[in-house]
Amino acid sequence: MKYLDEFSNPDLARHLLDQIHAATTGNWAIMEVCGGQTHSIIRHGIDQLLPEGIEMIHGPGCPVCVTPLEVIDKALAIAERPDVIFCSFGDMLRVPGSSQDLFRIKSRGGDVRVVYSPLDALTVARENPDKQVVFFGIGFETTAPANAMTVYQAKRLGVPNFSLLVSHVLVPPAIAAIMESPSCRVQGFLAAGHVCSVMGTAGYPELADRYRVPIVVTGFEPLDILEGIRRTVLQLEQGRHELENAYARAVPAAGNPVARRMLEDVFEVTDRAWRGIGMIPGSGWRLSDAYREWDAEARFDVGGIHTDESAICRSGEVLQGLLKPHECAAFGKECTPRNPLGATMVSSEGACAAYYLYRRLDTPATRPVGAGA
Amino acid sequence: MCLGIPGRVVGMVPGFGDQLALVEVEGAARKVNIGLLDEAPAPGQWVLIHMGFAVETTDAAGAETAMSGLEMMGRPRDDAVLDHPGPGP
Ligand code: SF4
């Protein structure tokens with residue numbers, strides 16, 4: 001249970017909440033797309049301060065969480081090879097594959113290294129010409145430019161022993177897939193400003209129009225989120241469905257032109273499976289023909305690995321907003337951040353981890369007395 | 001994974017096809033690739049650094065917002081710096 005005095009500007013938070021309470025007459029389900037926003041909402045108890053009629057549905061915007069089990073298994077198969085130095089963000093090390101994780105491979109002597117930039121992996125490759133160096137390139141529009149630039153540099157500098165295991169996904173096709181799903185309950189979206197700073201807002205007005213759904217671009221600070229919710233509620237109450245920008249900093253409609261050019265050169269759009277959601281047409285990137293040589297999946301011939309998702313873990317339903325994390329029977333029992341059964345319990349952007357950190361001791365349905373207007 | 005760390009450009013350094021800048025991130029100097037920016041940032045310019053790349057130019061207020069965002073996601077400021085040593089030469 002959180003209180004307004006924990007907000008950076010409690011008066012403004014109170015003011016925004018009052019406006020949200022005053023404007024809300026209907027029942028509205030709003031999805032925050034970005035995992036940083038989910039973390040913020042749960043940490044600050046924003047969902048508990050909203051009117052009864054407003055439900056926040058936690059979207060699939062956690063890059064670690066939506067990476068399919070199959071891709072994790074491919075990473076593990078590559079990392080196990082004695083000739084490979086496998087480089088990854090630290091978050092990915094504890095994500096369970098079907099039988100082990102990268103951490104286990106590392107503890108058994110595999111050369112698995114945590115890096116903070118794909119360029120670090122490229123440097124490792126240049127320093128170890130007798131080894132194959134693979135970087136695990138996952139994420140949304142935000143992480144793609146750095147990965148694209150690194151492959152571009154690998155080609156330019158002629159680093160043949162570097163490759164990228166790519167599992168890149170894109171936000172707008174996921175919004176479309178969520179809206180097309182027969183079980184969809186989402187009536188409005190909070191989109192993430194920092195994602196739009198790369199690709200711009202192209203595609204969003206069409207989505208808002210096609211699915212008659214308001215989309216409000218905002219940040220992940222509590223006040224940004226309240227402002228995003230306020231604007232979404234106003235649109236819903238007034239029967240509007242537009243793209244609005246509530247992000248503190250300007251989001252150029254065209255995004256970052258240098259990054260976009262790099263992405264267009266290095267990647268091409270492909271169908272991608274999303275963990276918990278399934279295949280979404282045109283929802284990801286793979287290396288384009290000119291850069292296919294640096295594709296780890298082809299180089300190590302792991303394309304044939306196919307794995308089914310775990311039967312116990314219900315993260316698929318969590319990622320679609322059909323289930324709240326604490327409603328999963330394994331939550332906080334068999335499944336904890338120390339011993340995660342699913343990726344949503346691993347990443348700090350995952351809904352299960354956020355609930356575990358900030359909600360575990362709360363009675364699920366309680367709302368703080370005196371919250372809101 | 002998606003959030004940038006703010007830093008202030010000190011100057012350019014040789015390497016990676018003239019794409020490396022020295023950037024001060026909370027008191028520590030880091031090498032950062034500037035190849036994703038429109039033009040080389042001037043000394044004193046605030047930038048947001050993500051995965052070893054400067055991805056956006058910003059101002060002091062934007063830098064503060066980015067830093068508090070990182071804190072909100074559970075990273076103390078000092079760790080944020082240690083977490084992102086930037087790319088090698
Ligand atoms: S609590 Fe664990 S097992 Fe349940 S859905 Fe979340 S990650 Fe999966």
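## The interface of chains A and B

Across the interface of chain B and chain A, 0 salt bridges are found. This comes from a predicted model. Polar contact is present, though: 5 residue pairs make it between chain B and chain A, both partners at pLDDT 80 or more.

The two chains bury about 3,000 Å² between them. Carbon and sulfur atoms account for 66% of that area. On chain B, 34 residues are in contact with 38 residues of chain A.

## The side given by chain B

The largest share comes from H1(B), with 6 residues. By class, this side of chain B has 15 nonpolar, 15 polar and 4 charged residues.

## The ligand shell

Residues of chain A surround the ligand. Four cysteines are among them: Cys313(A), Cys328(A), Cys335(A) and Cys352(A). The shell also includes Ala330(A), Phe331(A), Leu341(A) and Met345(A). Arg314(A), Ser315(A), Gly342(A) and Thr344(A) complete the list. By class, the shell has 8 nonpolar, 3 polar and 1 charged residues.

## Helix H7 of chain A

Helix H7 of chain A covers residues 118-127 and is mostly covered itself, with 8 of its 10 residues buried. The buried residues run from Pro118(A), Leu119(A) and Asp120(A) through Ala121(A), Leu122(A) and Thr123(A) to Val124(A) and Ala125(A).

Ser117(A) caps the N-terminal end of H7(A). One of its side-chain oxygens lies 3.1 Å from the backbone nitrogen of Leu119(A). Leu119(A) is also one of the buried residues of this helix.

Definitions and conventions: Residues numbered from 1 in each chain as written. Chains lettered and ligands numbered in written order. Predicted model: local features only at pLDDT ≥ 70, side-chain atom pairs only at ≥ 80, totals over all residues. Heavy atoms only, no water. Near = heavy atom within 4 Å. Nonpolar A, V, L, I, M, F, W, Y, C, P; charged D, E, K, R; others polar. Buried < 20%, exposed > 50% of the residue type's maximum accessible area, 1.4 Å probe, protein only. Helix = DSSP H or I, 4+ residues; strand = E, 2+ residues; numbered from the N terminus. Polar contact = N/O pair within 3.5 Å; in protein donor to acceptor, adjacent residues only side chain to side chain. Contact = heavy atoms within 4.5 Å. Buried area = accessible area lost by both parts, 1.4 Å probe. Salt bridge = Lys/Arg side-chain N within 4 Å of Asp/Glu carboxyl O.
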